[in-house]
Amino acid sequence: MRVLGVDPGLTRCGVGVVEGVAGRPLTMVGVGVVRTPADAELGLRLVAIEQGIEAWLDEHRPEFVAVERVFSQHNVRTVMGTAQASAVAMLCAARRGIPVALHTPSEVKAAVTGSGRADKAQVGAMVTRLLRLDAPPKPADAADALALAICHIWRAPAQNRLQQAVAQNRLQQAVALHAAKTPQPPQAPKGRTA
């Protein structure tokens, strides 16, 4: 499985590609950051992020894209920029028919370090160890993107089984509901015998 992890941001959008399967050693395929100037117009910044992500998709051909789920922070401006960059990443993947998974920061930290409250240094150290790198990827946005990809590789099999079970349950409920609503044909009265 090849996954592009995206740590969304307007100034620095971390991107990292990891390949492998759960339970086996993983391999970093590429890591970097798509940067935009803070003083540029918002629309132009979003176009630059789109072009950067498209270039990564062209070069690395991932099977999945894992994006950090935006969560509410105290700084609304930061949340808005992160959400906008996140939407661009999802749009780029959807345009190509690549499935997108959203993972919360605490979910990623827990998957990679064992603690949902790990700090950036701990995440960087574990990413370095798990991918057998010489040094933690810099800046932290790049390490976070790799952590997202790792999280998805490790969690995807369980999530897929859960989604299949939920879908199967919904199908069974729909069939039962349909059967209950479908009128039964009247039965012919049984004849009297003498």
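**Helix packing and local features**

Q: At roughly what angle do the axes of helix H3 (residues 105–113) and helix H4 (residues 120–130) cross?
A: This is a predicted model, in which local features need pLDDT of at least 70 and side-chain atom pairs count only at pLDDT 80 or more, while totals for chains, interfaces and linings use all residues. Residues are numbered from 1 along each chain as its sequence is written, and side-chain values use heavy atoms, with hydrogens and water left out. The axes, lines fitted to C-alpha atoms over the stretch in contact, come within 9 Å, and the crossing angle of H3 and H4 is roughly 50°.

Q: Which orientation class does that give H3 and H4?
A: Angles run from 0 to 180 degrees between N-to-C directions. Under 35 degrees counts as roughly parallel, over 145 as roughly antiparallel, 65 to 115 as roughly perpendicular, and the rest as oblique. H3 is therefore, relative to H4, oblique.

Q: Which residues of H4 make the contact with H3?
A: Contact means heavy atoms within 4.5 Å. H3 contributes Lys109, Val112 and Thr113. On the H4 side the residues are Gln122, Val123, Met126, Val127 and Leu130.

Q: What is the handedness of the crossing of H1 and H2?
A: Helix H1 (residues 42–60) and helix H2 (residues 76–95) have axes that come within 9 Å and cross at roughly 40°, so the pair is oblique. A crossing is left-handed if the near helix is turned anticlockwise from the far one by less than a right angle, and right-handed if clockwise. For H1 and H2 the crossing is right-handed.

Q: How many helices and strands does the chain have?
A: Helices (H or I, at least four residues) and strands (E, at least two) are DSSP runs, numbered from the N terminus. Along the sequence they follow the pattern β-β-β-α-β-α-β-α-α-α. The count is five helices and five strands.

Q: Is aspartate 144 buried or exposed?
A: Aspartate 144 lies in helix H5 (residues 140–181). Buried means under 20% relative accessible area, exposed over 50%, and partly exposed in between (1.4 Å probe, protein chains only). At 11% relative accessibility, aspartate 144 is therefore buried.

Q: Which side chain does a polar contact of 2.5 Å join to that of aspartate 144?
A: A polar contact is a pair of N or O atoms within 3.5 Å; within protein, one must be able to donate a hydrogen and the other to accept it, and residues adjacent in sequence count only if both atoms are side-chain atoms. Leaving out residues up to four places away in sequence, aspartate 144 touches Asp7, Lys120 and Val123. The polar contact of 2.5 Å is with the side chain of lysine 120.

Q: What is the relative accessibility of threonine 82?
A: Threonine 82 is found in helix H2. Beyond four places in sequence, threonine 82 touches Pro8 and Val70. Threonine 82 counts as buried because its relative accessibility is 17%.

Q: What is the omega of the peptide bond joining lysine 138 and proline 139?
A: Most peptide bonds are trans. Proline 139 sits in the loop between H4 and H5. Its bond to lysine 138 is cis, with omega about -10°.

Q: What is the phi of arginine 61?
A: Arginine 61 lies in the loop between H1 and strand S4 (64–68) and is exposed, with a relative accessible area of 56%. Most residues other than glycine have a negative phi. Arginine 61 has a positive phi, about 45°.
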